[in-house]
Structures are given as C-alpha cells and as structure tokens.
Amino acid sequence: MMSSSLKFGTSGLRGLAVELEGPAARRYVTAFVAHLRATGQTGSGKLFIGRDLRPSSPQIARDCAAAVTAAGLEAIDCGVLPTPALALAAMAEDGAAIMVTGSHIPGDRNGLKFYTPKGEITKLDEQGIAAALGADAPDGAGVARDGVASALELYEARYRGLLAADALSGWRIGVFEHSSVARELLVAVLAQTGADVVRLGRSDSFVAVDTEVPTDAVYAPVAGWIRDEHLDAVVSTDGDADRPLVIDADGSFVRGDVLGLITARWLGADVVVTPVTSNSAIEDVGLFRDVLRTRVGSPYVIAGMETAAAEGPVVGFEANGGVLLGSAARIGAKGLSALPTRDALLPILAVLASAQAEGRSIAELVGTLPVRAALSDRLAEVPQQKSAAFLARLRDEAGFAEGFFAPVGEIAQRSDIDGLRFALVSGDTVHYRPSGNAPEMRCYVEGVTPERAAELMAWGLESAAAQVR
C-alpha cells in the first residue's frame, strides 16, 4: 500500500523523503515509463535525471536510475542542476526527464518532477502515472550515463549574451547562494553582464528557501548584507532554481507576480497565462492582448498556454515568479526557444535589464507599475483535512463567511477557481488556499494601500489560525 504522504501537488509528486526513497520512488518511475510507452511519449528512449542538494536526493536519484534501466530506457545522470536546465537538456535530445527535488518545502521532504520529451507533464499525465502504479519495485542498481557537463553548458548558453557584456556595469549585486542548485551559474551569468557580484550566505547543508514568504528567518541577514556591501539588489532562487528571488536596495522583496509581469513586458508578450493568485491589476495595465487565469500550479499554466490563441510570444508565470515560455521569444538578436517549465534565471535577468535600460533602481521600476499592494504568507503545520474543513465552512455554511469577514469588510464577490478568494466592497481581497505540496495553508491579500495589505495579512493569518488549530 502506497503511503498517504506521497501525492501529486502543484508541481510533481511530493512527500516525506523517508517514504519516497527506495521502493516508492522505483514504483513511481516504473509507472512513469509505462505511461510514456502507453501514450507514445518515449521519444529517443533517453531519460535524464537531475537532483537538488537535499541529503535524500542522491539515493532517490539512484533509485530512479535503477527503475529507468529496468524498464528498458537509457538513464542519463545530469547530477545537481536547475530544474529548467534539466528540462532543456532533455527536450534538446527528445528525451524524458525526472528531477529529484522538494523545491522550497522543508528538508525532510522530497519529490519527483516528471517531464515528457515535450516538457513538464500535464494533469492528464499525472492521472496516467497513477493508473500505471503497481505494487512491485524493480531491484538492481542501474547504471546512468554521465551527462552533467553538457546539460549545464546548454542552459548557460541559453542566457549567455542575452544581455550585453556591459549591460549591468556599475551595478553591485549580491547573490544569496544558500543551497540553491543555481548558485554557481547565477554568479557566472551575472558576471558576464559586467555586474560586480558579491557572493553571500552559502550553506553546506540544505536550506529550505520559500521565495513567497519574506518573513522567513532565513532572510534575516539580508538587510545587513545590503547595508554593509552597498548592494543595488540581492538575487537568488529556491532550492531547484525554478522560483526567483529579487530584493531591491531598500530591502523590499519584489513579488513573484511583479517579476513575471516585468518579464512578460520585456519579452513583448502577446498573451499572458497566470494563476488566480497573481496580482489582480495584471489585466488593467494594458500591456497584453489577453490574460488567461488558471488554478495554481505549473501544469495548469502550461495547459492554458497550449490553448492560447496568440500572434506573438506566450508567457506564463506564477505568483512565485517562475516564468514559463510557451513559445519562442527574442531579445535583440538573441532568440529564446520555448521552455514550458518554471525558470528563475529569466525573470532575474529581465528585471535587472529593465531597470538598467530605464535608468531606474529596481524600486523605481516596480513603482512605475500600477499593481495593487499585495502580500502572501502561510500557516505552517496545518493538516489538509483542517484546511478543507475551514474552506468548506466559508463556502457552504450559511452566514459563516459574512461573520468571519465582518471585522475587515463586507464581501462583494467570491471565487473558487483555487481555494477561496474573497473580494471586499472596499476593493481589498483575501484568498485562502491549502498548499498542494506541504501541510500548510497559504494566505494571499491585496490592499488599497500597503498599510491595508499588512493589516489584512495579520488579520487573515490570525483569524484562520483560530479555525484550523
């Protein structure tokens, strides 16, 4: 019987590392290969395997290689690298891929992200994998061919020359390295643009970095780094480098959906696809012919990009800032091929390049955008069943939602695209959504002023905590 902690969330399979390691990983990989065969998606017969720096990832990667070999495909070990780099390498050789990563969630958890030769799997693919899941796990060690250097070189080449050699000359940029798989690559790419790069906060052990929660203790040193090193910005990624982090010279975090908005503008997007949790002003800025809203999770954004009727570039992004290219794009003479999976490097470069081109600081650049004041945070260690019960009361129990929101305003509209989002008569919004990857409940707010957003977030977390704990 498969452990209940292992399930597909917003992006891949997630669960406790001790439950994923060994037979469970082998069973899921065997099911993935069976699904690829059943749907004619084995491509070249190669399957690329990458991993993050969690202590459990090397063994799980070995389990993956053993299952791939036993299933008759060629396993290629790409080692430690960004998730988008793995996807790019696999797509270049018409191969499937598996990334062993828990992304931003705590280190005692891990996961598998699956890719067909065309890119990240869809929700239909998830269903196919689940249907093919058997009780037996293949034995044996399996031998994976070394593909580390070529995969990293291909990804670096994608961004080499995207910005001119002196594009960021005069900028002093801190790279928060922690345990990001992109730390070396990010330093190298920024150095190629003429920036003065300062390496900060490197860790020899895994650090869970959630780019959507600026209140996390892991960010405590940032203000001191900016002051002592006279930085124009601090940049980083989450553990597997599919979520970007940009902090301006004032120590303010640039929200992920703002990063996505700036990136889409920089790329000249015709259509933008983004979840309901992204800033509600994206439709109002008048930059794009169409904006499609989806549920939270890259598979939903990818599905939206596939259905978009566009005359120019299709750009997807999530509220966490990860940018997906649904079609080819061009910056000057440099072309970018489609890469339908979240990428952190592209939005970091786009924001820095946009600020430099306009002669503005990052804070000034963000200030030119008519986006609403927005915040996101979470309640940790909230069992899924308690989150579900709370949302059920808000949705179904007569008078409960009205009484719950009475301290902050009257409800004007509600949406259940993903979780529950309440728009108030005042123009403010509060959105509750259980995490698909961890026992957490997310809270997203937008306020008519930054002060109102902060007030709503404090109220939203405190009030929800009283219901779920």
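Is E126 buried or exposed? I looked this up at the start, keeping in mind that the model is predicted. E126 has a relative accessibility of 7% and therefore counts as buried, since the cut-off for buried is under 20%.

**Entry on K123 and E126**

I next examined the partner of E126. The side chains of K123 and E126 form a salt bridge, with 3.2 Å from N to O. Both residues belong to helix α5, which covers residues 123-132. They are three residues apart, about one turn of the helix. I noted that K123 is partly exposed, at a relative accessible area of 22%, whereas E126 is buried.

**Entry on R378 and D216**

I then turned to a second salt bridge, in which the side chains of R378 and D216 meet at 3.0 Å, N to O. R378 lies in strand β20 (residues 373-379), while D216 lies in the loop between β10 (196-202) and α8 (222-229), so this pair ties together parts that are 162 residues apart in sequence. D216 is buried, with a relative accessible area of 18%.

I also asked which residues are linked with this pair in a network of salt bridges. The network joins D210, E212, D216, R243, R378, E440 and R442.

**Entry on D242 and R342**

I recorded a further salt bridge between the side chains of D242 and R342, at 2.9 Å from N to O. Because D242 sits in the loop between β11 (233-237) and β12 (244-248) and R342 sits in strand β19 (residues 339-343), the pair ties together parts that are 100 residues apart in sequence. D242 is buried, at 2% relative accessibility. R342 is buried as well, with a relative accessible area of 2%.

I looked at one pairing in detail. Strand β13 (residues 271-275) pairs with β14 in the parallel sense, over five bridges. Within this pairing, V271 stands opposite D290 in β14.

How values were computed
Residues numbered from 1 in each chain as written. Predicted model: local features only at pLDDT ≥ 70, side-chain atom pairs only at ≥ 80, totals over all residues. Heavy atoms only, no water. Salt bridge = Lys/Arg side-chain N within 4 Å of Asp/Glu carboxyl O. Helix = DSSP H or I, 4+ residues; strand = E, 2+ residues; numbered from the N terminus. Buried < 20%, exposed > 50% of the residue type's maximum accessible area, 1.4 Å probe, protein only. Pairing = 2+ DSSP bridges.
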